[in-house]
Structures are given as structure tokens and as C-alpha cells.
Amino acid sequence: MVKFTVIGGDSSEDLAKKIAHRLKALYIKTENRVFPDGESKITIKKIPKNNIILVVQSTYPPVDTNLLHLLSVISKARKYSSKIYAIIPYMGYARQDREFLEGEVISISVIGKLLKAVGAKKVITVDIHSKIALRELKIPSENISAITELVKHFKKKKLRNPIVISPDLGGKQRASQFASLIGVEYIALKKHRNRKTGKVNILTNSADVKDRDLILIDDMISTGGSIIKSTQFLKKQKCKRVFVACTHALFVNDAARRIKKAGVTEIISTNTIPRNTSKVDVAKIISDTVL
Ligand code: R5P
């Protein structure tokens, strides 16, 4: 039987503990002391065994701090084993997967190089923003979909004539998969984002959602702009309640409050990022992938 050690980075402690529990693995905590000048002193609190070591650390804000923590822990773990898997449930920088404007750095490819340099043998992530990002990592990697877990949660809800909506055409496949697992229809709105200001606009003219409950699904909520604009548009089309399903709830600034203010009934996210909306646990799908 393969034996695992799970090291929980400070951004993903609870999830790491859950994964360790499922794998019956040794769990090791990390400590991060921040000096007055802002530098981190990172310590792993036990000595890992020479087996497969899973370092679990999402890279949500503060992104660069959490990323350095991840790289440092992998680098330390590498002293004890050559089989280090980086479990990055929320992979930051995945939206920077191509040169949209001339001169832009493809940051996700830099992250791939760093992970490899410190000794990660494999990367496991959940609902990475794009397949291009996964390819750009250029390290053996696996992306797990949390859709089935989100669907299980929504199946328990009593919804009135529901329809699944993607806020943009890029999310059409996600909405289609989610809708077919629930057994309802879906539509994808047309969204435009200004690459310089980040501002979002919905370009769809009308949608047949009158008197229906909606499940608005996206991979992540960052500033909330996509969900807010979509909700405002759908409310004008006289829909009933709007539920939001997403894997990664970044909630930059006061996004959650503004989304609620726009008329959303409930936001459901996973625990790739620990939030009070994290009602769906991804420990099982991660553990099943590792085994
Ligand atoms: C975009 O392609 C993504 O799927 C999300 O829709 C987007 O990143 C969400 O960002 P925000 O909440 O800032 O609109």
C-alpha cells in the first residue's frame, strides 16, 4: 500500500487535514512567522517520512506570499523525498496564460518553472481557469473538476423550473455539463471585459428566464463583476431567484456583499478557498485522484 504524508500550507490547512484523514496519512502542519520587514519564516513542524509527500496550498490572495510559502515548503519537503506532489486546489495566475497585450509576461509558465525548480514532480489542481494554463505549466499535471460535487449540492435544493446560466461564452461547456447532470437546460451569456480597466459588460439582448430560478455558474468569482452584471441583466428579464455556483470564491474586496446586493439569493463555493460560502468539499475528489 502506498503511504502518503500530507503537509498543509497555511492557506489550505483545513482541506489538507481532510485529505490526510481520507488517505490515512501522516499530517504535518506548517508555521509562517512574518518578520517586521514583511519576510516570512516558514517551518514544517514534523519531519516527513520518505514516501509520497503531498504539499497542499492554494494560491489565493495574498497570491505571491502564498506562492512563496508553497515553493518553500516543497523545497524543504524535497530534502526528505523525491516524490513531491504540489496540490494547488486554487491555482492563482492561471488567467495569465497568454500574451493578451504585447509585452505581457505569461506568468503561469513562470510558476511552472518555479515548481519544477524546487522539486515538484506533479501538480494537481481543481478547475484550473484554462487548459492553456495547464499546458503552460510544462510539468506533469492533472486538473480535477468539482462540477460533480457542486451538482450533488444543488440536487438537494428545491428549485422552481431551474435553468443553468454561464456569464460568458467561455464557460459554455461548464454550464452544459452542469445542466446535463442536473437534467435541465442551459444558456451562455455574451460578456465583454475591457482588458485595460477590467470592467465587464453583458452583450446578450434577452434571455428566456422569466419566473424561473437560475443557477449562475462560473469557475471563480474575483471582483464579482461578471456575476453582478449577469444578475442585473437576468433580473431585468424577470427571473425568480438567482443562485451562484462557483469553485473558487476569491471575493476580492467586498465582492460577496456586492453580489448579494445585486439580488443573488445564495452563493455556493468549494473549499479550494476557505470562505463562509464553502459548502462543497473537494477533499474526496483530490484524495481519489492521488490514490
Ligand atoms: C473569466 O473568464 C472567469 O471565468 C470568471 O468569469 C472571472 O474571472 C470572474 O472575475 P470577476 O469576478 O472579477 O468578474
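Mentor: A polar contact is a pair of N or O atoms within 3.5 Å. Keep that cut-off in mind. This is a predicted model.

Trainee: Which atoms of Asp-218 and Gly-224 lie by a ligand oxygen?

Mentor: For Asp-218, a polar side-chain atom lies 2.5 Å from an oxygen atom of the ligand. For Gly-224, the atom is a backbone N or O, at 2.8 Å from an oxygen atom of the ligand. The protein covers 89% of the 370 Å² of accessible area that the ligand has on its own.

Trainee: How many residues surround the ligand?

Mentor: There are 14. Asp-218, Asp-219, Thr-223, Gly-224 and Ser-226 are the closest.

Trainee: Now the rings. Why is the pair of Phe-154 and Phe-178 called edge-to-face?

Mentor: A search of the whole structure finds one aromatic pair. Its members are Phe-154 and Phe-178, with 5.8 Å centre to centre and 75° between the planes.

Trainee: What does the pair tie together?

Mentor: Phe-154 lies in helix H5 and Phe-178 in helix H6, so the pair links parts that are 24 residues apart in sequence. Both Phe-154 and Phe-178 are buried.

Trainee: Why is Asn-194 called partly exposed?

Mentor: Its relative accessible area is 31%. Buried is under 20% and exposed is over 50%, so a value in between is partly exposed. Asn-194 sits in the loop between strand S10 and strand S11.

Trainee: What does the side chain of Asn-194 reach?

Mentor: The side chain of Asn-194 reaches the backbone nitrogen of Thr-197 at 3.0 Å.

Trainee: Last, helix H1. Which residues of H1 are buried?

Mentor: In H1, residues 13-23, they are Leu-15, Ala-16, Ile-19, Ala-20 and Leu-23.

Trainee: How do you know that they are on the same side of H1?

Mentor: They cover an arc of only 140° around the axis, so they share one side of H1. Asp-14 and His-21 are exposed, on the face turned away from the buried side.

Trainee: What do the buried residues of H1 pack against?

Mentor: Their partners are strands S1, S2 and S4, and helix H9. After H1 comes Lys-24, with a positive phi, near 50°.

Methods:
Residues numbered from 1 in each chain as written. Predicted model: local features only at pLDDT ≥ 70, side-chain atom pairs only at ≥ 80, totals over all residues. Heavy atoms only, no water. Buried < 20%, exposed > 50% of the residue type's maximum accessible area, 1.4 Å probe, protein only. Helix = DSSP H or I, 4+ residues; strand = E, 2+ residues; numbered from the N terminus. Arc of directions from axis to C-beta. Contact = heavy atoms within 4.5 Å. Near = heavy atom within 4 Å. Polar contact = N/O pair within 3.5 Å; in protein donor to acceptor, adjacent residues only side chain to side chain. Areas by Shrake-Rupley, 256 points an atom, 1.4 Å probe, with all protein chains shown as cover. Phe/Tyr/Trp six-rings, centres within 6.5 Å; stacked < 30°, edge-to-face > 60°.
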